[in-house]
Amino acid sequence: MFTFAVGSALSIASILLAVIVLAALLIWVERRMLSFWQERLGPNRVGWFGIMQVVADMIKIFTKEDWVPPFADRLTFVLAPAIIMIVVLMSFAVIPFTPEVGVIDSNVGVLFVLAMASLGAYSVMLGGLSSNNKYALLGSLRAAAQMVSYEVFMGISLLGVVVLAGSFNLREIVETQADGWYIVPQFIGFLIFLIAGVAESHRLPFDIPEAEQEICAGYHTEYSGMKFGMFFVGEYLGLVLISSLITVLFFGGWLGPAFLPPIVWFSLKAGFFIMFFILMRAALPRPRYDQLMSYGWLFLLPLSLLNLLVTGAVVLVSTTATM
Amino acid sequence: MFRLIKDTLLSQAVTLWGVFRKLFVKADTVQYPDEQPYMFPRWRGRIILSRDPDGEERCVACNLCAVACPVDCIALQKAETEDGRWYPEFFRINFSRCIMCGFCEEACPTNAIQLTPDFEMAEYVRQDMVWEKEDLLIDGVGKYHDYNFYRVAGKQVAGKDKGEALNEAEPVDVRSLLP
Ligand code: SF4
Ligand code: SF4
C-alpha cells in the first residue's frame with residue numbers, strides 16, 4: 001500500500017500535497033517573476049528570497065474574518081469557492097505524472113478533464129450570481145460565456161492528439177509519444193489548446209471575468225478571507241493543471257532522456273509552461289470582450305475543426321495504406 | 001488572413017520576447033531602509049529655519065510664507081529686539097498638513113525658510129508632527145551661504161545705520177536744495 005503505484009495511498013497523498021503546496025507557492029513565484037519582468041524585485045523580505053511570503057499570506061488569509069454579505073445567497077455563496085477547488089483537484093486524478101505516480105488510469109481521461117473543466121464554470125457562475133452584486137454578476141456572465149465557448153475549441157483541439165494516439169487514456173497518450181512528441185504533428189492543436197487553456201483558467205490576458213480595471217474583481221468581488229483564497233488557489237491549481245495537460249498531451253509527459261528521473265522531466269516541462277503563463281500575464285494586454293468572443297468563434301473554431309479534419313484524413317490515409 | 005496572423009500571433013510573440021528579456025535587466029528598485037537613495041539637494045523635504053552668516057536668525061517675521069502656504073500650516077507671531085531687528089516670537093509648522101510644495105521658500109524674502117532633502121519624519125503621535133521654532137531653527141546658513149538680509153536691506157538696525165547697506169545710496173537729505 002505504501003509504495004508508489006498508480007492509485008496507491010502514498011501516490012494519492014503525495015500528489016495532493018505536492019499540487020496544493022505548489023499552487024500556494026506559485027502565488028509567490030508569480031509575484032517574483034512578474035516583478036523581474038517589470039524590473040522590480042517583488043516580495044523578497046520574508047524568509048529566503050521571500051519564500052516565506054506564502055506562509056505570511058496564508059496566516060493573513062486564514063485569520064481574516066469569514067464574512068458573508070447579508071444580501072448574498074448564503075448556501076451558494078459558501079459552496080461556490082469549494083467547487084472550483086474540488087473540481088480542479090479531481091482533474092489531477094487522471095494526470096499521469098510518472099509511470100508509477102498517478103491516481104487512476106482512466107479510459108476516458110481526456111473526457112474526464114474536459115468534464116471537470118465544464119463543472120469549473122459553475123463555481124464562477126454561482127459565485128457571481130449568489131453575491132447579488134452587479135459587478136459580480138457581470139463577471140460571472142462573462143465567465144459563463146467565455147468558458148462555455150472556449151471549452152468547445154479546447155475539446156476539439158485535443159481530438160487531434162486523441163486521433164493520433166488512438167486512445168482517450170492520458171497514460172497511453174504519453175506512452176505513444178515515445179517516438180515523437182505530438183507537438184510536431186499537432187502544432188496548431190497545441191496553439192489552440194494553449195489559448196483555450198488560458199481562457200479556461202481565466203488567467204491574464206483572458207481574465208475578462210475578473211478584469212480589475214473594468215469590473216472590480218468580477219465574480220469574486222464580494223469574497224474575502226479563505227473563501228477568496230479558495231478562488232485564488234483554485235486559479236493557480238488550474239494553471240498547474242493546464243500546464244500538466246499540455247505536457248502530457250503535446251510534450252511527452254514524463255518521457256525524456258534517461259539521465260533524469262521521469263518526475264523531473266515532467267516537472268521541468270510543466271514548470272516551463274507555468275513560467276510561460278506567468279510571462280503572458282506580464283506581457284500581454286487583455287482583449288476586449290467582444291474581441292475575445294469573435295476571435296474564438298470566427299478564428300479558433302474553424303481552425304481547430306480544420307486541424308481535426310486534416311489530422312483525421314492523414315491518419316485514415318496512412319492506416320489504410322499500411323493495411 | 002496574413003494580417004490576422006500577424007496581429008494575433010506575431011505581435012504577441014514579439015511582446016513576449018521583449019518582456020522576457022527584462023529578466024536580465026537590473027531591477028530599478030532601491031531597497032530603501034537598507035539602501036539609502038541619493039537625495040538631490042533641491043529635494044523638497046523637511047523645512048528648516050536658517051541663520052545668517054553672522055549667526056542671527058534670518059526670519060524677520062514678515063508672514064509672507066504663511067500667506068503663500070496653500071494649506072495654511074505655518075503660524076508665527078512677530079516680535080522685535082531692542083536693536084530694531086524683527087524676529088518670530090513663535091514659529092510653528094504643522095507638518096501633518098504641509099504638502100512640501102516649497103511655496104514658503106519661494107515667498108521668503110530673507111531665505112530664512114528652506115526645504116531640505118530629509119524626508120524621514122514619520123511620528124506615532126499626531127501632535128508630534130507640529131514643529132516649533134526650536135525644532136525648526138538650525139545653526140547654519142542652509143543652502144545660501146552669503147546672504148544676509150539686514151546687510152542688503154534698507155532697514156536700520158543696531159550696528160548698521162541708514163545708507164550703510166550693501167549697494168545702498170546715502171539717504172536723500174530732504175532739507176537740502178542741492179541736487
Ligand atoms: S512647503 Fe508648502 S505647504 Fe509646506 S509650509 Fe511651505 S508653503 Fe506650506
Ligand atoms: S520665514 Fe521668511 S517669509 Fe516666513 S516670516 Fe520668516 S522671513 Fe517672512
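**The contact between the chains, and chain B beyond it**

Mentor: A:Glu39 and B:Lys22 form a salt bridge, with their closest N and O atoms 3.1 Å apart; the term means a side-chain nitrogen of Lys or Arg within 4 Å of a carboxyl oxygen of Asp or Glu. Across the interface of chain A and chain B, the rule finds one salt bridge. The model is predicted, so local features need pLDDT of at least 70 and side-chain atom pairs count only at pLDDT 80 or more, while totals for chains, interfaces and linings use all residues. Residues are numbered from 1 along each chain as its sequence is written, chains are lettered from A and ligands numbered from 1 in the order in which they are written, and side-chain values use heavy atoms, leaving out hydrogens and water.

Chain A brings 17 residues to the contact and chain B brings 18, counting heavy atoms within 4.5 Å. About 1600 Å² is buried between the chains, and carbon and sulfur atoms give 68% of that area; buried area is the accessible area (1.4 Å probe) that two parts lose on being put together, summed over both.

Let us move on to chain B itself. An open, antiparallel sheet there has the strand order S2-S3-S5. Strands are DSSP runs of E with at least two residues, numbered from the N terminus, and two of them pair if DSSP finds at least two bridges between them. Strands S2 (74-80) and S5 (130-131) of chain B stand at the edges with a single partner each, so one side of each has no neighbour in the sheet. S2(B) is joined to S3(B) by seven bridges, and B:Leu76 stands opposite B:Phe91. Five residues lie between these two strands in their hairpin, where B:Gly84 takes a positive phi near 95°. Two bridges join S3(B) to S5(B), and B:Asn94 has B:Val130 as its bridge partner.

Finally, consider the ligands. Around ligand 1 there are 13 residues, the closest being B:Cys69, B:Cys98, B:Cys101, B:Gly102 and B:Cys104; a residue counts if one of its heavy atoms lies within 4 Å. Of this shell, 12 residues are nonpolar, one is polar and none is charged. Nonpolar covers Ala, Val, Leu, Ile, Met, Phe, Trp, Tyr, Cys and Pro, charged covers Asp, Glu, Lys and Arg, and the others, Gly among them, are polar. Ligand 2 has 13 residues around it, and B:Cys59, B:Cys62, B:Asn63, B:Cys65 and B:Cys108 come nearest.

Technical notes: Helix = DSSP H or I, 4+ residues; strand = E, 2+ residues; numbered from the N terminus.
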